[in-house]
Amino acid sequence: MRWCPTSVLHLLRSLRLRSCTRRGRNKLPPWIKEMWSYMKLLVQSLYFNSLTDSDVVFDSIFEPVFWTVDYVTRWFGLVFVCLVVILTSSILGIAYLVLLPLILNTYSPPWIAWHICYGHWNLIMIVFHYYKAAKTSPGWPPTEKNETPFVSVCKKCIIAKPARAHHCGICNRCILKMDHHCPWLNNCVGHFNHRYFFSFCLFMTLGCVYCSISGRNLFLDAYNALERFKHLDMEKPGVQVTGMGLLIGLLPPGQTTYQTPAPSYTFKDKMIHKSIIYMWVLTSTVGLALGALTIWHAVLISRGETSIERHINSKETKRMAKWGKVYRNPFNYGKMNNWKIFFGVEKKSHWVTRVLLPSGHTPHGDGLTWDTFPVKKDLIPV
Ligand SMILES: [Zn+2]
Ligand SMILES: [Zn+2]
C-alpha cells in the first residue's frame, strides 16, 4: 500500500480538528450544553416542520417576552386594581368634600336635585359593574370528557376548546368567548363578565365626562387663583378673586369679582384649588382614553365579534378575498340583535332594568355552543 502524503495530511488534520472540538465542548458547563442542544432541536423542529409559518416563528422567538409580560401582569394585577380603587376614591372624596358644599350653597334646587341624583346613579353603576366584572368568572370550558362540540384542542391545557374560546397566558387556562385579559380588573373578560366590563367602561366614561364638563369653570378658577397666589408670594399686591372665592371664603356671598387686599390664603385653600385641578385633569384624561376604548368595544359588539375575533375575522376576510369570496362572521346576528344578546334584553322594559340599572342576570347561552348565522328574526323578541 502506497501512502499518499496529501491524504495523510488531510486525515491528521481532521482528527486534530475533531479532538479539538471535543476537548472544547467538554470544557463547557453542562447547562450550556443542554441549552445548545435545546436551541438546535428548536431550530430543527421549526425548520423541518410543514406547519411552520411566520406566526409560529414569531411566537417562538418572542415566547420569553410574552412569558415575562404574562408573569408581570399576573403579579401586578392586584396593584392595578388598588390603583383603580384609590384613584376613584380620591375623586369621590373631592366630590363630597369640595364640590357638594359648593353645589348646595350656590345652585338652584332643580340643579341640586339633578347633580345629586345623576352623580349617585352614576356612582352606583360604576361600583356595581366594576365589582361584578372583577369578581365574576369569565367562564371556562369543562375539563372532563363531555358531549359538547369543540373546534380545536388547546395545546397548553390539553382540553377540547369550544367555538370562541381562547387560551389566556396570564390566567393560564382557556376562557369562554374570550375578549381580552384586563389588568385593571385582574380578571379575564369572557362570556360571563363581558357585559359587566363594557358597562363599567361606559359608566366610568360618563362619570368622567360629567366631572370634566361640570367642573370646567371650577378648574379654570382654581388654576387662575393658584397662578395669582404664585404672584402674590413674590409681590404681595391686591388680588382679584372670582367664583372660587365663594368656595374658600375669600368673598362674601353675592360678590363674584372684587379687588381685595392681599388675603391670607391658607394651606387648606391651596389644597382645595389643587384638588380641583387634580380632579379635572384626571377625569378629562381618563374620560378621553376610556371613551375611545368604550367606542371601540361598542363597534366590536355591533359587529358581533370579540377583540380576539376581530383579528381572526380580518385575517379570514383577506384570505377569502384572495379566492374571490366574502367572509361572513357566523356570530353576527345583525346590529340590533347583537346588542340585545349582549345586554340580555328580551323585552322592552329590560332596556331600563337590565341596562340602565344594576342587574346580575346571566348572559344569553352557556358560552359552549353558539347559534350561527343566519338566525331566525323572532329568536330575540322586541
Ligand atoms: Zn388553554
Ligand atoms: Zn386571563
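**Exercise 1. Find what the buried residues of helix α10 pack against, and see how the helix ends.**

*Solution.* Start with the burial test: a residue is buried if 20 or more other C-beta atoms lie within 10 Å of its own, exposed if 12 or fewer, and partly exposed in between, with C-beta atoms placed from the backbone. In α10 (residues 335-343), the buried residues are Lys 340, Ile 341 and Phe 343.

Next, look for their partners, where two residues are in contact if their C-beta atoms, placed from the backbone, lie within 7 Å. The buried residues of α10 pack against α5 and α11 (350-356). Just after α10, Gly 344 has a positive phi of about 70 degrees.

A word on the ground rules: this is a predicted model, in which local features need pLDDT of at least 70 and side-chain atom pairs count only at pLDDT 80 or more, while totals for chains, interfaces and linings use all residues. Residues are numbered from 1 along each chain as its sequence is written, and chains are lettered from A and ligands numbered from 1 in the order in which they are written.

**Exercise 2. Work out which spans carry the UniProt annotation "transmembrane region", and what the model shows in two of them.**

*Solution.* The unreviewed UniProt entry places this annotation on residues 75-99, 111-131, 196-213 and 277-299. UniProt positions are given in the numbering used here, feature names are shortened, and annotations may be inferred rather than shown by experiment.

Now check the model. Residues 75-99 are 100% helix and 0% strand, and their end C-alpha atoms lie 37 Å apart. Residues 196-213 are also 100% helix and 0% strand, with end C-alpha atoms 25 Å apart.

**Exercise 3. Locate the largest nonpolar core and say which elements build it.**

*Solution.* Such a core is a set of buried Ala, Val, Leu, Ile, Met, Phe, Trp, Tyr and Cys residues joined through C-beta atoms within 7 Å. The largest one has 41 residues, and those with the most contacts inside it are Ile 175, Phe 197, Phe 200, Cys 201, Met 204 and Ile 276.

The elements giving two or more residues to this core are α3 (54-106), α4 (109-135), β4 (173-175), β6 (187-189), α5 (194-214), α6 (216-235) and α8 (267-303). The largest share, 10 residues, comes from α5. For a closer look, pick Phe 200: leaving aside neighbours within four places in sequence, Phe 200 is in contact with Ile 126, His 129, Tyr 130 and Ala 133.

**Exercise 4. Describe how α5 and α8 pack.**

*Solution.* Two packed helices are described by the angle between their axes and the distance between the axes. Axes are lines fitted to C-alpha atoms, for helices over the stretch in contact, and angles run from 0 to 180 degrees between N-to-C directions.

For α5 and α8, the angle is about 145 degrees and the axes are 8 Å apart. At this meeting, α5 contributes residues including Cys 201, Thr 205 and Cys 208, while α8 contributes residues including Trp 280, Gly 287 and His 297.

**Exercise 5. Find which residues Asn 187 touches beyond four places in sequence.**

*Solution.* Asn 187 is found in strand β6 and is buried, with 24 other C-beta atoms within 10 Å. Not counting residues up to four places away, Asn 187 touches Ala 133, Ala 134, Pro 138, Cys 182 and Asn 193. Arg 74 is 113 residues apart from Asn 187 in sequence, with 9.4 Å between their C-alpha atoms.

Definitions and conventions
Helix = DSSP H or I, 4+ residues; strand = E, 2+ residues; numbered from the N terminus.
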